Amino acid sequence: MAMNELRKEIEAAAQAELNRANAIFPLFSSPHEGYAVTLEEIEEAEEAMENVKSSMGVMWDRVRGKSIATFLDKETTPVAIYRQAIDAACEMVQAAAMLLKYEMSMPSKETEESMEEYGQ
């Protein structure tokens, strides 16, 4: 049940992000643009998730008693990793919003069929 509630909240966040993006930027002018913008968000989410995984690896090494470079101390605390996880989640919300924008930007199947019918 909690996952359903969280899903609804994330869907609402994606819709809010879509509204913010649409207020600033027009719809995508082509499938290529929609794909490229969405892919960029997915790549940013992957990078953010890699940060989380890397920091968790350092945390695990610390738990096992391994020596950790001092410069990693502040970046690999539970709170720091929490922030990294939130960043990754935000990137995925942005990717979800861009997928909705992509769908909104493409003409409907009926529009495509009528354009084909009239030779456009």
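Biologist: What pattern does the protein chain follow, read along the sequence?

Modeller: Keeping in mind that this is a predicted model, the protein chain reads α-α-α-α along its sequence, and its secondary structure comes to 4 helices and 0 strands.

Biologist: And is the chain spread out or a compact globule?

Modeller: The radius of gyration is 20 Å, whereas the globule rule gives 14 Å for 120 residues, so the protein chain is more spread out than a compact globule. Taken along the principal axes, the box filled by its C-alpha atoms is roughly 70 × 30 × 25 Å.

Biologist: Of the contacts between residues at least 6 apart in sequence, what share joins residues at least 24 apart?

Modeller: That share is 74% in the protein chain.

Biologist: Changing topic to pockets: what volume does the largest one have?

Modeller: Its volume is about 260 Å³, and 14 residues line it, with A21, F25, V37, E41 and M98 lying nearest the centre of the pocket.

Biologist: Which helices supply at least two residues each to that lining?

Modeller: Three helices do so, namely α1 (2–24), α2 (31–63) and α3 (78–105).

Biologist: How does the lining divide into nonpolar, polar and charged residues?

Modeller: The lining of the largest pocket has 7 nonpolar residues and 6 charged ones, together with 1 that is polar.

Technical notes. Residues numbered from 1 in each chain as written. Predicted model: local features only at pLDDT ≥ 70, side-chain atom pairs only at ≥ 80, totals over all residues. Heavy atoms only, no water. 1 Å grid on protein atoms, 1.4 Å probe; cavity = no way out; pocket = protein on both sides within 12 Å on 5 of 7 lines; lining within 4 Å. Points joined across faces, edges and corners; volume = space filled by probe spheres on them. Nonpolar A, V, L, I, M, F, W, Y, C, P; charged D, E, K, R; others polar. Rg over C-alpha atoms; globule rule 2.2 N^0.38 Å. Contact = heavy atoms within 4.5 Å.
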